[in-house]
Amino acid sequence: MSIGNSPEDERPFENEHVEADREEARPSIGHALQQARIAAGLTVDDVSSATRVRMNIVHAIEADDFSPCGGDVYARGHIRTLAKAVNLDPAPLLAQYGDEHGGRPAPTPAAPLFEAERIRPERRGPNWTAAMVAAIVAVIGFVGFTMFQGGDDGANEANVAEGSTPGDSASPTTKTKKPADPKPEPSDSAIAAAPQDKVTVRVAAVDDRSWIAAKDHNGRMIFDGVLKRGDSKTFQDSSKVHLVLGDAGAIDLFVNGKKIEENFQPGSVERLTYTKGDPEAG
């Protein structure tokens, strides 16, 4: 009978040596990926562009440093992707990673997490359509506000400047002077009634009709229209009245109760301004 360990007792030690030799013979994950990349004639930049895995992560994995991956799930995903890019079977590498890093992790939705890490977000350009719509709305609002404030005063003045009044025919006609009616004269009571702290302007169409526009001291339109023959209008303001007479020769004008003696010609357009200190043509 032999003394000491039996042959069966010696075998476990022999098996341990065999496993250790196999571990030493098996290349590391990073080295295997690097050698396969070089054999395929690819650079790190080529692999990074093909897989969208950042270059610093590719360099780290080939150096067997998996800390930049951000965890086991991401590390396994990168190993799988890089192995396919260099024509390696990823299964043995993943098994080796599990042996070296504590086995396979608990099931997690690895693919969506990995894709979110390595896929670069697309750049979105500025929303030109929304900007154009906003600009158009702003222009329309400004035009509408301008038209509301100014009314059609500009169109009426343009018609007067051409020698016609609103409602007249566009074709030129010869005006026939009608016999003048007796011109009304301001009464003493009208003169006395004119307020001293305001400017009062009275316009009377005695010879023919005329287009009249009147504005207060702020430029706000008081009246814009046609006075028919025999009609009159009185305008009053705290400091100033602006007038535009379409046919000044057909008009009698009274300021602060006094008649303005001006030799206005028939058909002439006059722009006048009066204050509390008048009558004097402005």
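Tutor: Buried means under 20% relative accessible area, exposed means over 50%, and partly exposed lies in between. Please keep in mind that this is a predicted model.

Student: Is Asp64 buried, exposed or partly exposed?

Tutor: Asp64 is found in the loop between helix 4 and helix 5. Its relative accessible area is 34%. Because buried requires under 20% and exposed over 50%, Asp64 is classed as partly exposed.

Student: Which residues of helix 4 are buried?

Tutor: One of them is Glu62, which counts as buried because its relative accessibility is 12%, under the 20% limit. The buried residues in helix 4 are Ile57, Val58, Ala60, Ile61 and Glu62.

Student: Which side chain meets that of Glu62 in a salt bridge?

Tutor: Side chains of opposite charge can pair when their charged atoms come close. Here the N to O distance is 2.7 Å, and the pair links helix 4 to helix 2 (residues 29-39) across 25 residues.

Student: Let us turn to the aromatic rings. Why is the pair of Phe66 and Tyr97 classed as it is?

Tutor: The structure holds 2 aromatic pairs. In the pair of Phe66 and Tyr97, the ring centres are 5.1 Å apart and the planes stand at 80°. Planes over 60 degrees apart count as edge-to-face, so the pair of Phe66 and Tyr97 is edge-to-face.

Student: Where do Phe66 and Tyr97 lie in the chain?

Tutor: Phe66 is buried, as is Tyr97. The two residues are 31 residues apart and link distant parts of the chain. Phe66 lies in the loop between helix 4 (55-62) and helix 5 (72-85), and Tyr97 in helix 6 (residues 90-100).

Student: What is the class of the pair formed by Phe223 and Phe235?

Tutor: Both Phe223 and Phe235 are buried. Phe223 lies in strand 3 (residues 221-227) and Phe235 in strand 4 (residues 232-237), 12 residues apart. Their ring centres are 5.9 Å apart and their planes at 35°, so the pair is tilted.

Student: How is helix 2 oriented relative to helix 6?

Tutor: The contact is made by Ile29, Ala32 and Leu33 of helix 2 and by Leu93, Gln96, Tyr97 and Glu100 of helix 6. The axes are 10 Å apart and the angle is about 155°. Since angles over 145 degrees count as roughly antiparallel, helix 2 is, relative to helix 6, roughly antiparallel.

Student: Which residue in the turn between strand 2 and strand 3 has a positive phi?

Tutor: Strand 2 (residues 210-215) and strand 3 run antiparallel and are joined by 6 bridges; among the partners are Ala213 and Asp224. The two strands form a hairpin with 5 residues between them. The turn residue with a positive phi, about 85°, is Gly219.

Student: How many residues of strand 1 are buried, and which residue of strand 4 is the bridge partner of Val201?

Tutor: Strand 1 pairs with strand 4 in the antiparallel sense over 6 bridges, and 5 bridges join strand 1 to strand 6 (residues 251-255), also antiparallel. In strand 6, Asp252 is the bridge partner of Ala204. Strand 1 (residues 199-205) is mostly covered, with 6 of its 7 residues buried. The strand 4 partner of Val201 is Phe235.

Notes: Residues numbered from 1 in each chain as written. Predicted model: local features only at pLDDT ≥ 70, side-chain atom pairs only at ≥ 80, totals over all residues. Heavy atoms only, no water. Phe/Tyr/Trp six-rings, centres within 6.5 Å; stacked < 30°, edge-to-face > 60°. Helix = DSSP H or I, 4+ residues; strand = E, 2+ residues; numbered from the N terminus. Buried < 20%, exposed > 50% of the residue type's maximum accessible area, 1.4 Å probe, protein only. Salt bridge = Lys/Arg side-chain N within 4 Å of Asp/Glu carboxyl O. Pairing = 2+ DSSP bridges. Axes fitted to C-alpha atoms, helices over the stretch in contact; angles between N-to-C directions. Parallel < 35°, antiparallel > 145°, perpendicular 65-115°, else oblique. Contact = heavy atoms within 4.5 Å.
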